Amino acid sequence: MIIKELDFSREISKNDLLEALKGEANQVYIHDFIKTCSFLKKNMEHVNPHYKEEYIKMYTEGYLRGYRDVKNDKTSYTGHVDLVELEESIQLLEKQEKIMEAEFGENNRSFKPYLIMSIYTTFILEEPIHPVGTPFPGGLKVRKDNDIYYCPVKKNNENNPLAVCGFCIAEQEPDM
């Protein structure tokens, strides 16, 4: 099973979603990671050089870790995912994939590492897409306090077509 085969007319368990993500991971090859990372680097041209290399490293490692974790995850999860949120997230990722296809050409699989990591982290692990400790300009970081994740840049990226902040579980850092 893959993401497009999920039946949104009924509840989707976390285990069903995990199996779909494993199906997606089985369609990923090393050149997909290379294309995804190339796209990432191009879209970080305007990021402060002090943070750019750290972000690229963090994302690259995140894609590879997410891929490995999904493929090796043998946990039996309880509960179901929020269908509306999952469907909206997939639609956002599909829009982002179209942007990527315009950059790299039609019918490539290079977007899959990003999709796998984003959906797995959010809906299976229930963690923010940027891990705790992810640095942002001004010395700000994603943090966790009493089971709530806070991000210092979530609000700033609400209208960014390449951001997944819209479905990330982190909340906007207060007073930012």
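Reader: What makes strand 3 and strand 4 a pair?
Author: DSSP must find at least two bridges between two strands for them to pair. Here 3 bridges join strand 3 to strand 4, so they pair, and they run antiparallel. Strands (E, at least two residues) and helices (H or I, at least four) are DSSP runs, numbered from the N terminus. Do keep in mind that this is a predicted model, where local features need pLDDT of at least 70 and side-chain atom pairs count only at pLDDT 80 or more, while totals for chains, interfaces and linings use all residues. Residues are numbered from 1 along each chain as its sequence is written, and side-chain values use heavy atoms, with hydrogens and water left out.

Reader: Why are strand 3 and strand 5 at the edges?
Author: The open sheet has 3 strands in the order 3-4-5, with mixed pairing. Strand 3 (143-145) and strand 5 (171-172) each have a single partner strand, so one side of each has no neighbour in the sheet.

Reader: What divides the chain into domains, and how do they meet?
Author: The chain is divided into domain 1 (14-126) and domain 2 (130-175), with bounds from an automatic or database domain assignment. Their centres, taken over C-alpha atoms, are separated by 17 Å. In contact (heavy atoms within 4.5 Å) are 17 residues of domain 1 and 15 residues of domain 2. Between them the domains bury about 1300 Å², 66% of it on carbon and sulfur atoms; that is the accessible area (1.4 Å probe) that two parts lose on being put together, summed over both.

Reader: What makes a space a cavity or a pocket?
Author: On a 1 Å grid over the protein atoms alone, a 1.4 Å probe fits in a cavity but cannot get out, whereas a pocket is an open set of points with protein on both sides within 12 Å along at least five of seven lines. Lining residues have an atom within 4 Å of a point.

Reader: How many cavities of 30 Å³ or more are there, and what lines the largest?
Author: The whole structure has 1. The largest cavity holds about 60 Å³, and among its lining residues are Ile129, Cys151 and Cys168.

Reader: Where does the lining of the largest pocket come from?
Author: Domain 1 and domain 2 each give at least three residues to the lining of the largest pocket. Helix 2 gives the largest share, 4 residues. The pocket has a volume of about 660 Å³ and is lined by 27 residues, with Asn43, Met44, Tyr59, Asn160 and Leu162 nearest its centre.

How values were computed:
Points joined across faces, edges and corners; volume = space filled by probe spheres on them.
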